[in-house]
Structures are given as C-alpha cells and as structure tokens.
Amino acid sequence: MDLITALTIFVLALFVGFEVITKVPPILHTPLMSGANAISGITLIGAIIAAGSQMTILTTVLGFIAVVFATLNVVGGFMVTHRMLNMFRRKKD
Amino acid sequence: MEIDLQTTLVSIAYIIAAILFIVGLKGLSHPRTAVRGNLLGAIGMFIAIVVTLLDQKIIGFAGIIAGSVVGTTIGAALAIKIKMTAMPQLVALFNGFGGGASVLVAGAALIEALLITPDPLIQTTVAAAASGLIGSVTLLGSLVAFGKLQGLISEAAVQFSGQKTLIILSATAALFLAGWLVSDPAFMGAYWALVAIASLLGVVLVIGIGGADMPVVISLLNSYSGLAAAATGFVLENSILIIAGSLVGTAGLILTNLMCKAMNRSLSNVLFGGVGAAAITSPGKTEDDVYAGRVKSASADDVAMLLETARRVVIVPGYGLAVAQAQHAVRDLGNLLESKGVEVEFAIHPVAGRMPGHMNVLLAEADIAYDKLKEMDLINPTFAQTDVAIVIGANDVVNPVARNSNDPSNPIAGMPILDVDKAQAVVVIKRSLSPGFAGIANPLFAADNTLMLFGDGKKAVLELITALGQI
C-alpha cells in the first residue's frame with residue numbers, strides 16, 4: 001500500500017467518522033466513548049503479527065505485551081459498553 | 001498465485017470489518033439500536049482478528065494465546081465488576097492500554113522493518129515516530145487521569161514552577177528525537193528515547209489539569225488512542241488500522257470540542273490554564289455580599305408541600321448526586337411524584353459527571369427511562385413552565401453569573417448553563433453554601449424563588465420521599 005492510498009483512506013475515514021459520530025446523542029456519549037475505545041484496540045491485529053512472527057526475541061516480547069494491552073482494551077471495552085447499553089434498553093422494552 | 005488469493009481474502013475481510021465498525025457506530029445514534037451497534041462492532045473486530053491469525057508470517061501461537069488469555073481475563077473482570085460511577089477511570093485505563101499497545105506494535109514493526117532493509121521507507125519511520133509520540137502521551141496521560149479519578153493522586157490541578165517550560169522542553173525534545181529517528185532509522189535508541197520523553201510529556205500535561213476538567217481530558221486521550229492506532233496502521237501499511245483509528249480519532253475530537261463548548265473554554269485553557277489549582281479568591285463580590293440575609297433554608301416538609309401542588313418538576317442532577325450515591329433515591333422520588341400526576345423530567349448538563357454522558361449512564365443504571373433525560377438545549381426553554389426545579393449536587397452549571405459574559409474576572413463567564421432560575425420555584429439540595437469547582441458564589445442560592453434544603457443528597461431525598469408520603 002503506497003502512501004497516497006493510505007492517506008486517502010485516512011482522510012476519507014475521518015470524514016465518515018465525523019458524519020457518523022455527530023449523530024450520536026449526548027445521552028449515549030459515554031457508551032460511544034467506551035465503544036470507540038474498544039474499536040481503537042484494533043492495534044491488536046498488529047500485536048498478533050508481532051507476537052506470532054517471532055522475528056527476534058525483542059519483537060516477540062513487545063508483541064506479547066501489546067497483545068495483553070490490546071485484548072484488555074478490546075474485550076473490556078466491548079463488554080462494558082454492552083453492559084451500559086443494556087441499562088438504557090431495560091426500561092423501554 | 002495462492003498468496004495473492006489469500007491477500008485478497010484478508011483485504012476483503014478487513015473491508016467487512018470496517019463496514020461493521022461504521023454501521024456499529026451508526027447504531028449508537030439511538031438507544032434502541034445501540035446494543036446491536038456495539039455487537040456489530042465486536043463482530044467486526046472478531047473477523048479482523050480471525051483473518052489476521054491466518055497470516056503466513058505467524059509461526060508460533062503461544063505468545064498470542066497467552067497474551068490474549070491474560071488480556072481477556074483482566075478486561076472482562078474489569079468490565080463486569082466496575083461501578084458505573086467509576087466508568088471514567090475505566091475508560092481512561094482502557095484508552096491508555098490501547099495507546100500503549102500502539103507504541104509497542106509500532107516499535108516492533110520498526111525493528112522488523114530494519115531487519116529487512118537498513119533504509120525503510122520514510123513514511124514508515126514518520127508514522128512510527130507519530131505512533132510512539134501519541135501512544136506514549138496517551139498511555140501515561142491516561143494513567144495519570146486514572147489516578148486522579150480513582151483518588152490515588154490529587155484531583156486538584158497540580159501546578160509547579162517551570163511546568164510550562166517542562167512541557168515545552170519535553171515536547172521539543174520529543175520532536176527532535178522524532179526527526180532523528182526519521183533521518184537515521186537504524187538508530188532504534190531514538191525511538192525508545194522518544195517513547196520515554198513522550199511518556200514524561202503525558203504525565204506533566206495531565207497532572208496540571210483539575211478533576212472537573214476530566215471530561216475534556218478523557219475525550220482528548222480517547223482521540224489520541226485512535227490517532228495512535230491510525231499511525232500504527234501507516235507503519236504496518238494496514239487499512240483497517242487506519243480506518244478504525246481515524247473513526248475513533250474523530251469521535252474523541254468531536255467530544256473534546258463539545259465538552260470545551262459546554263464550559264465555554266478553549267482547549268488550551270483547559271490543558272494549560274491550571275483551573276482548579278486552588279480556591280479562587282473571588283474578586284468583586286464576596287460570598288457574604290451574595291448570600292447575607294437572603295438565603296432561605298427549608299425543611300423537607302416545606303419542600304414536600306411545594307412539590308405536592310406542582311404540575312411539572314425538573315430534577316437537575318450534578319456530580320454531587322453521584323458522590324452521595326443518591327441515584328436510586330432520586331428515581332424513587334421521581335416515581336412517587338409521577339404517581340401523584342406530576343410531570344417529571346431530568347435536565348442533564350453536558351459536563352455533569354466526569355466524562356461526556358456520564359450522568360445519563362448513572363441515571364439509566366438507576367432505571368430512569370432514557371426519554372426522561374433531557375439535554376440542555378431541549379430542557380432550557382421549558383423551565384419557564386416548570387413549577388419546581390430540584391437541583392441536587394450541581395453548582396456551577398446552574399450559576400446565573402455565567403450569563404455575565406463580559407466580566408473578565410468571572411471564571412465561568414459565557415458558560416452555557418441550565419436556566420433553573422427561570423422556574424417558579426427552585427429547591428437546591430446541598431450540604432452547605434460552599435462554592436463549586438469554579439470557586440465562586442452562586443446567586444441562585446440567594447434568589448427570591450430559591451429554597452435551600454441543606455443536607456447530604458441521598459438523606460435529603462429520602463426525607464423528601466417520607467414527607468411526601470405523609471401528606
């Protein structure tokens with residue numbers, strides 16, 4: 001992937017993000033933040049490759065710690081968001 | 001040919017994951033669709049992880065499995081056990097770990113790139129430097145924010161001499177090291193030195209910010225964690241990291257902007273203003289000028305009589321309500337009033353709580369229906385038709401002084417407030433007349449139509465419920 005392609009993706013994603021996020025009402029801003037937070041744990045896939053490709057001991061160790069950090073972020077983030085959103089659903093259904 | 005096929009399949013899977021992230025975030029535009037939205041995001045993440053595990057570069061799974069077991073266990077335990085009042089520090093912690101992961105991944109990727117060629121692409125080194133810088137600020141900044149919110153370190157804005165100089169010096173040093181790394185990528189030491197300096201920068205930046213400004217800080221760190229992931233995406237030349245990272249980056253920036261607007265302060269004033277360092281000795285009017293002889297104290301019975309005849313009541317919760325753990329008592333009060341035919345709504349200021357939307361979560365946890373939670377712009381026009389506004393644990397966000405936007409000595413000048421003073425009667429439940437975070441007196445407490453119900457938030461509401469029941 002060349003730099004221009006990467007930059008194109010980056011800029012377009014920023015605009016998509018702006019369009020989508022501005023529609024989230026203030027009442028859901030906390031779950032938005034924790035949910036978005038979970039999504040930013042996407043670094044996990046880079047961590048998986050670093051930990052699994054085992055090119056050097058150092059990269060394997062760095063990858064391992066990164067896997068711990070990122071899974072914590074991803075799993076914890078999605079779960080706690082789910083827990084909160086269920087509270088908003090409870091009363092109405 | 002086979003490898004090409006696999007690369008294509010992986011790319012398609014990443015596109016699907018990106019779509020699921022976007023549709024998932026879109027689901028958060030309404031409480032009804034939000035649960036499904038979050039699940040879609042999680043499915044997107046799952047797909048991205050599974051196809052990554054098929055990558056041919058991976059020769060051993062031991063580290064991956066061990067790491068994900070540890071991370072999942074801790075993350076799940078925190079997610080299940082955390083109290084809703086502690087949500088801000090949990091999100092700060094998760095943010096920090098996300099940023100930390102980006103730093104490590106970018107570092108590892110740089111080392112691997114150097115094994116292949118001594119002269120990697122400039123975009124790789126620039127992106128690695130960005131990831132190391134932003135990710136480290138996120139990690140340490142988030143840990144400090146966590147410490148403040150958890151009460152492990154002083155919630156006040158810690159100010160020391162030379163603080164700004166230290167910030168400027170460490171930021172300059174970080175940029176210098178980033179430049180060094182780009183011009184001489186073979187020197188990995190520059191990367192780790194950059195990480196160390198940026199970590200210091202993260203600490204000094206956040207330690208100087210007061211507790212009530214945490215909604216801005218957490219939003220900003222949220223944005224940084226996304227941008228760090230996007231930068232790592234540039235290092236790895238991986239589209240899904242770039243997409244997901246920039247989505248989160250914008251989410252955080254939008255929330256940061258909203259929080260700043262809600263306090264009528266610029267981002268630089270929040271970050272560097274040191275607001276909340278010490279009690280501000282309010283110039284101009286002293287507390288005595290504002291309060292002397294004008295404050296009317298009421299009993300729970302007095303307030304119950306007032307509520308008995310009301311047709312519309314608006315409850316204004318502030319962070320003090322959460323501190324007093326009064327959410328459930330307030331729900332019961334609301335239900336009791338409704339059973340008497342009173343219309344009850346809740347007015348939520350954007351910075352009520354310690355992170356954006358925090359108060360809504362606390363009230364939703366207490367089973368208060370979300371359609372009763374009204375944001376500031378919607379509820380403000382209705383105060384004129386409100387018989388009683390009950391303010392619980394809020395102060396600065398209902399201080400009419402904020403409307404005097406021309407007074408330079410007024411720390412909350414121009415801050416949008418809830419117009420509770422326009423209600424027929426105002427009841428303020430508060431321990432004392434002590435000032436809020438801004439450190440200034442609140443003329444609302446001395447207004448003709450205001451009654452003060454002094455006491456602990458939860459106890460006072462429970463007494464109100466008893467008094468109402470006896471009428």
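Reader: Is K340(B) buried or exposed, or something in between?

Author: In this predicted model, K340(B) is partly exposed, with a relative accessible area of 35%.

Reader: Which side chain does K340(B) meet in a salt bridge?

Author: The partner is E308(B), and the N to O distance of this salt bridge is 3.5 Å. K340(B) sits in the loop between α14 and β2 (343-348) of chain B, while E308(B) belongs to helix α12 (residues 300-308) of chain B, so the pair ties together parts that are 32 residues apart in sequence.

Reader: And what is the relative accessibility of E308(B)?

Author: E308(B) has a relative accessibility of 34% and counts as partly exposed.

Reader: Where does R311(B) find a salt-bridge partner?

Author: R311(B) forms a salt bridge with D387(B), and the closest N and O atoms are 4.0 Å apart. This pair links distant parts of the chain, 76 residues apart. D387(B) is in the loop between α16 (376-379) and β4 (388-392) of chain B, and R311(B) is in the loop between α12 and β1 (312-317) of chain B.

Reader: Is D387(B) buried or exposed? And R311(B), buried or exposed?

Author: D387(B) is buried, because its relative accessible area is 17% and the cut-off for buried is under 20%. R311(B), at 63% relative accessibility, counts as exposed.

Reader: What about E463(B): which residue does it pair with?

Author: E463(B) forms a salt bridge with K459(B), with 3.9 Å between the closest N and O atoms. Both residues lie in helix α17 (residues 457-470) of chain B, where they are four residues apart, about one turn of the helix. E463(B) is partly exposed, with a relative accessible area of 38%, and K459(B) is exposed, with 55%.

Reader: Which residues are joined into one network by salt bridges that share partners?

Author: That network consists of R312(B), E343(B), E345(B) and K374(B).

Reader: How many salt bridges are there over all chains?

Author: A search of the whole structure finds 14 salt bridges.

Reader: Let us change topic. How many cavities of 30 Å³ or more does the structure hold?

Author: There are two cavities of 30 Å³ or more.

Reader: Which residues line the largest cavity?

Author: From chain A, the lining includes P31(A), G35(A), I39(A), F78(A) and T81(A). From chain B, it includes F21(B), G24(B), L25(B), L28(B), G37(B), N38(B) and G41(B).

Reader: Which helices each supply at least two residues of that lining?

Author: In chain A they are α2 (29-40) and α4 (57-90), and in chain B they are α1 (2-27) and α2 (31-53).

Reader: How do the residues lining the largest cavity divide into nonpolar, polar and charged?

Author: Six of the lining residues are nonpolar, six are polar and none is charged.

Reader: And the second largest cavity, what lines it?

Author: Its lining is made of G46(A), I49(A), A50(A), V105(B), A109(B), E112(B) and L236(B). The lining divides into five nonpolar residues, one polar residue and one charged residue.

Reader: One backbone point: what is the phi of Q54(A)?

Author: Q54(A) has a positive phi of about 50°, although it is not a glycine. Q54(A) is found in the loop between α3 and α4 of chain A and is partly exposed, with a relative accessible area of 34%.

Reader: And Q325(B), what is its phi, and where does it lie?

Author: The phi of Q325(B) is positive, about 55°, and this residue is not a glycine either. Q325(B) lies in the loop between α13 (319-323) and α14 (327-339) of chain B. With a relative accessible area of 42%, Q325(B) is partly exposed.

Conventions
Residues are numbered from 1 along each chain as its sequence is written. Chains are lettered from A and ligands numbered from 1 in the order in which they are written. This is a predicted model: local features need pLDDT of at least 70, side-chain atom pairs count only at pLDDT 80 or more; totals for chains, interfaces and linings use all residues. Side-chain values use heavy atoms; hydrogens and water are left out. On a 1 Å grid over the protein atoms alone, a cavity is a set of points where a 1.4 Å probe fits but cannot get out, and a pocket is an open set with protein on both sides within 12 Å along at least five of seven lines; lining residues have an atom within 4 Å of a point. Grid points are joined across faces, edges and corners, and a volume is the space filled by probe spheres set on the points. Ala, Val, Leu, Ile, Met, Phe, Trp, Tyr, Cys and Pro count as nonpolar, Asp, Glu, Lys and Arg as charged, and the others, Gly among them, as polar. Buried means under 20% relative accessible area, exposed over 50%, partly exposed in between (1.4 Å probe, protein chains only).
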